[in-house]
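Please look over the sequence and the structure shown below before reading on. The paragraphs that follow go from single residues to the chain as a whole.

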Amino acid sequence: MSSHTYKLIELTGSSPDGIEQAVENAIGKASQSVHNLRWFEVTDTRGHIENGKVAHWQVTIKVGFTLD
């Protein structure tokens, strides 16, 4: 296994469709401008309630990527 140096960024993704989709949205958007994304860690999960039902999810993640 080779050694790597990682940089961390923090992102918050959102979705009305669930936690997993909120994570996918954050990673998908970040991958358009940040390269070599390698892993993520969920650090916070929040939701918005409307009329007694979950209406929207927000998930904060730390994302690690390797430096060139």
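Leu-8 touches Trp-39, Val-63 and Gly-64, when residues up to four places away in sequence are left out of the count and contact is taken to mean heavy atoms within 4.5 Å. This is a predicted model, in which local features need pLDDT of at least 70 and side-chain atom pairs count only at pLDDT 80 or more, while totals for chains, interfaces and linings use all residues. Residues are numbered from 1 along each chain as its sequence is written, and side-chain values use heavy atoms, with hydrogens and water left out.

Leu-8 is found in strand β1, where helices (H or I, at least four residues) and strands (E, at least two) are DSSP runs, numbered from the N terminus. Leu-8 counts as partly exposed because its relative accessible area is 46%, given that buried means under 20% relative accessible area, exposed over 50%, and partly exposed in between (1.4 Å probe, protein chains only). Together with Tyr-6 and Trp-39, Leu-8 forms a nonpolar patch on the surface, and the accessible area of these residues together is about 290 Å². Patches are made of residues with over 30% relative accessible area and no salt bridge, like charges being joined within 9 Å and nonpolar side chains (Val, Leu, Ile, Met, Phe, Trp, Tyr) within 5 Å. Accessible areas come from the Shrake-Rupley method with a 1.4 Å probe, and for residues only the protein chains shown count as cover. Leu-8 and Asp-68 are 60 residues apart along the chain, and their C-alpha atoms are separated by 14 Å.

Strand β1, which covers residues 6-15, also holds Ser-15. Is Ser-15 buried or exposed? Ser-15 counts as buried because its relative accessible area is 1%. A polar atom of the Ser-15 side chain lies 2.9 Å from the backbone nitrogen of Asp-17. Beyond residues up to four places away in sequence, Ser-15 touches Gln-21, Ala-22, Asn-25, His-56 and Trp-57.

Ser-3, in the segment before β1, is exposed, with a relative accessible area of 73%. Between Ser-3 and Ser-33, which are 30 residues apart in sequence, the C-alpha to C-alpha distance is 24 Å.

Turning to charged side chains, a search of the whole structure finds one salt bridge, a term that stands for a side-chain nitrogen of Lys or Arg within 4 Å of a carboxyl oxygen of Asp or Glu. Asp-44 and Arg-46 form this salt bridge, and their closest N and O atoms are 2.5 Å apart. Asp-44 is partly exposed, at 34% relative accessibility, and Arg-46 is also partly exposed, with a relative accessible area of 30%.

As for the chain as a whole, one helix and three strands are present, and from the N terminus on these elements run β-α-β-β. The chain is more spread out than a compact globule, because its radius of gyration is 14 Å, well over the 11 Å that the globule rule gives for 68 residues. Here the radius of gyration is taken over C-alpha atoms, and the globule rule is 2.2 Å times the number of residues to the power 0.38. The C-alpha trace spans about 50 × 20 × 15 Å along its principal axes. Of the 68 residues, 24% count as buried, and the accessible surface comes to about 5000 Å², of which 49% belongs to carbon and sulfur atoms.

Terms used. A polar contact is a pair of N or O atoms within 3.5 Å; within protein, one must be able to donate a hydrogen and the other to accept it, and residues adjacent in sequence count only if both atoms are side-chain atoms.
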